Amino acid sequence: MISASIVIATALRFWRLGSPAEPVYDETKVLTQAQSYLHGWRPPYSSHPPAAKMLVALSVSLFGNYPWGWRAANALMGTALVPITYLLARRLFRSRLAASIAATLILCDGMFLVASRLAMINIVYITIGAGAYLVLWCFVQNPVFRTQRIQLVAMSLLLGLYVSTKAAISEVAVLLALGVVVVTLIGATPMRLSAMRTNLISRRVIGACGLIVSIVLLVYFGVLISYYWVVWHGFGDLVAYHHRVIHQNLELPPDFPNASPFWSWPLLLHPYPYWKRDLLNGTVQVIWCGGNPLLWWAVLPAIFIASVRGYAQKSMTWVFLAAGYFAYLVMWIPIQRYVFIYSYIPGLYFGLLALAGALEECWHGGARRWEHLALLTPILLCLVLGLGFVWGGLIACSILVVYAVLVRQSAAYEGKFVSSIFLAMTLLIFVYFLPMWIATPLSQTGYKARMWLNGPGLASWQ
Amino acid sequence: MSGDRQRRWLEPTQACIVIAIVTAVIICVLSNLSDRSRRELASSSPIDLLSGNPADHWAVFGALTPDEVRFKQTGDGVVQIDTLAKTPSSSDVSSGVSYTIGLFSPGWYEFSGEFQAEVDDSKGIGAQLEVHSGRWRFLVKARPKKEGRWEKVDVFFRPAYSDPGAEISCRFWGGAADQSGKALLRNMRITRIAGDPPPTADQFDLEKTEEARLGTPERLRNGSIPPRHRTRLAGLHNLGIVLVLSLVMIVGVCWRLLD
């Protein structure tokens, strides 16, 4: 499965990568910053650290200053995310099936696809973050304490790159990793050393946390200095830069075109086009900043399942997934400035991992009936919105009838049915929305048919 | 021994991953080659903006929708644009048709073309042809009472590094009750020229402008690090080295703590 996922991910991310042949959305900003780096110019102000822009600069210098060259490095990062997710899910759930489902879900979500096909910063930090979580779980499951140190260093380097790519969001990952490391070290310390136990735990916890934070800061300073070397005049500039970032963000207004409140992201209420062209031949080309609606809506029950399982089973995996998801949402509560739906990606990533675990439990018969129904609900919603009340309702009723029959007659297959129907629907909806993520021409009618929410207010897919 | 090694190398999972990576590399190379061929096709010869079916390349923007605009080939290479807005346009609504093109071979380009439009200044009805690239915009307004006379546009530009492309637009505006408009375009093309443009021609070096905007470290406008803060914190220059050395020391101490 991992092999197939690599090939499919590459094909999806590199197919007509050079189209549109112009900078899309924030690509202009990123390209200006990348060009500044390549030419040794004064870097224009950016509130995010420069690692992703340096990657785009590397891509331009390797492949040339044209759209394919701008986007190639990010496409590679987006491709790498799929096998990394496979390996991470395999670690988390100790199951090849869960790993395969997780890789499939990442492949079938448009937000990850779009981020991988544009020279912007989102896919870079998501992939680096996923790599850091993978190493974190290698650390958690490693019984040999001495080799755990090397894993801590590797994870810290990746977290340092994450922090060097995206402001604010990345700090959540560091806190999450610190939390998991502390819990692991406390849990792993042998109980029989009760006399020395507290001392040993303190020593290990302080050592691990100190190691992580120091390496993260070193990487961050290293990246920042190498980018701003043209205008770098010492430590004062570092303070001044962060001072400016904080003040500029505090001064930004709460509203902006296409912005949406953070609580609306899980409901997929306000996606919007990064780029749209209404051609005179009646077709529309669009790059839609929105995900696979089935996956987005199913993440909500999946996270609820993860929370319940984490609490009931005292499972670190489920707690990690639920905590990661909530942390990436809760962090937006104090932030007053305008924000956009693409900032949901790190939380969505945790949600999709939880969804993969929940579907795997369904397949193996480990899920309860309420979990089946919770995962079937978003399918029914998509059917009604996509096909209308008559046809969508009919198919939804058919699915429920088949499920009810399986519950009565062959309980062993009810979970398998839920998993299968969910994955089949995920693939169908992915194929249906694919043209909107890769700028394939659509008829005006086809485009409007895909705009499932047309409200005048926030609930509008535009 | 060598048989064991060979068996290890031929494990199905590893073989599949190797095959997958090789396939992925092939896909990347093919994607690049296909993109390169399209790009070379565009840069090797003049780009005629009105050839083929213009409706496949021209898009609408602003208040107009595609079914409110008609492109018609009227012979002699002239393309007529008819707009029939369902809702009357007003002068504060910016609408029109545009053609966007990437210009990825570094150097100078010439845009040339001719256009005419039905305009009436007294009624606030007007049209203009625009060439824009990055932060630069060159525009020529259609002149009134010159029915039948073509406005010639000839401009040279060198795109910026960070935005190598151009957009050609024909923008319309009208009075509050105005619904229809007409413009004619002909001989519109973009050509990459060898060397520099004639000194007397309209020319815009966006590459140089971008370099001037960003390329001089002493220029402080819109920079990343405001100078006022730098001055105030000038005494902290060496603190960076102290901080980095301290962090390295902490890493060493923590490493030992984990021993």
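## Where two helices meet

Let's begin at a meeting point: A:Asn122, A:Ile126, A:Gly129 and A:Ala130 in helix H7(A) touch A:Ile345, A:Pro346 and A:Tyr349 in helix H14(A). Sorted by class, this contact brings together 5 nonpolar residues and 2 polar ones, with no charged residues. As you look for these side chains, keep in mind that the model is predicted.

Now follow the two helices themselves. H7 covers residues 122-140 of chain A, and H14 covers residues 345-363 of chain A. Their axes come within 10 Å and cross at roughly 45°. An angle from 35 to 65 degrees falls between roughly parallel and roughly perpendicular, and H7(A) and H14(A) are therefore oblique to each other. The crossing also has a hand: H7(A) passes H14(A) in a right-handed way.

Next, step back to the chain that holds this pair. Chain A contains 17 helices and 3 strands. Its radius of gyration is 23 Å, close to the 23 Å that the globule rule gives for 462 residues, so chain A is as compact as a globular protein of that length. If you turn the model along its principal axes, the C-alpha trace of chain A spans about 70 × 65 × 40 Å.

What share of the 462 residues in chain A is buried? Buried residues make up 52% of them. Finally, consider how the chain meets itself. Take the contacts in chain A between residues at least 6 apart in sequence: 71% of these join residues at least 24 apart.

Key. Residues numbered from 1 in each chain as written. Chains lettered and ligands numbered in written order. Predicted model: local features only at pLDDT ≥ 70, side-chain atom pairs only at ≥ 80, totals over all residues. Helix = DSSP H or I, 4+ residues; strand = E, 2+ residues; numbered from the N terminus. Rg over C-alpha atoms; globule rule 2.2 N^0.38 Å. Buried ≥ 20, exposed ≤ 12 C-beta atoms within 10 Å, placed from the backbone. Contact = placed C-beta atoms within 7 Å. Axes fitted to C-alpha atoms, helices over the stretch in contact; angles between N-to-C directions. Parallel < 35°, antiparallel > 145°, perpendicular 65-115°, else oblique. Left-handed = near helix turned anticlockwise from the far one by under 90°. Nonpolar A, V, L, I, M, F, W, Y, C, P; charged D, E, K, R; others polar.
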